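Please look over the structure shown here. The notes that follow cover its helix packing and a few loop positions.

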Amino acid sequence: MPKNDEGRVTASLANKTLEEIDGQRWPTPCCASYIEATTTSLRKKPLGQFTTEDLRIMIAQDIGAEVLKPFALAVLREDPMAEGDYYPGDLLEAALKRWPEDTILQDLATQHG
């Protein structure tokens, strides 16, 4: 997707949640692990409010990853070494694992790896 199209996509989805986009309502799990509770909660958060860590978690778990890709690319273009809660570049690493053939991600990794 060309860079300018990504901007339009992110702008049009920034106030929506993954639940609104896919129409699925995940119940709040009663005895959930940290990752289950976090991903369930993030599905209710407007995409424009996602932090680097939010993007990293959801992409690593492959939850709404395709919807979140333009948001992740926007962060990574600004700072390829953007850091969630673990280490510099953890978002890029998660994105590369999810989309290993993506040339934009490969270029970012090559430039900063």
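**Loop residues and helix packing**

The side chain of Asp 102 reaches the backbone nitrogen of Ile 104 at 2.9 Å. This is a predicted model, in which local features need pLDDT of at least 70 and side-chain atom pairs count only at pLDDT 80 or more, while totals for chains, interfaces and linings use all residues. Residues are numbered from 1 along each chain as its sequence is written, and side-chain values use heavy atoms, with hydrogens and water left out.

**Loop positions**

- Asp 102 sits in the loop between α6 and α7 (103-112); helices are DSSP runs of H or I with at least four residues, numbered from the N terminus.
- Asp 102 counts as buried, at 14% relative accessibility, where buried means under 20% relative accessible area with a 1.4 Å probe and protein chains only.
- Gly 84 belongs to the loop between α5 (65-78) and α6, and Gly 84 is buried, with a relative accessible area of 14%.
- Leaving aside neighbours within four places in sequence, Gly 84 is in contact with Thr 52, Glu 53 and Asp 90; contact means heavy atoms within 4.5 Å.
- The C-alpha atoms of Gly 84 and Pro 27 are separated by 26 Å, and these residues are 57 apart along the chain.

**α4 and α6**

- The axes of α4 (residues 52-60) and α6 (residues 90-98) come within 9 Å and cross at roughly 25°; axes are lines fitted to C-alpha atoms over the stretch in contact, and angles run from 0 to 180 degrees between N-to-C directions.
- α4 and α6 are therefore roughly parallel to each other, a term for angles under 35 degrees.
- The contact involves Thr 52, Glu 53, Leu 55, Arg 56, Ile 59 and Ala 60 of α4, and Asp 90, Leu 91, Ala 94, Ala 95 and Arg 98 of α6.

**α5 and α6**

- The axes of α5 and α6 come within 11 Å and cross at roughly 140°.
- Ala 65, Glu 66, Ala 72, Val 75 and Leu 76 of α5 meet Leu 91, Leu 92, Ala 95 and Arg 98 of α6.

**α3**

- In α3 (residues 34-42) the buried residues are Thr 38, Thr 39, Thr 40 and Leu 42.
- The buried residues of α3 pack against α4.

Terms used: Helix = DSSP H or I, 4+ residues; strand = E, 2+ residues; numbered from the N terminus. Parallel < 35°, antiparallel > 145°, perpendicular 65-115°, else oblique. Buried < 20%, exposed > 50% of the residue type's maximum accessible area, 1.4 Å probe, protein only. Polar contact = N/O pair within 3.5 Å; in protein donor to acceptor, adjacent residues only side chain to side chain.
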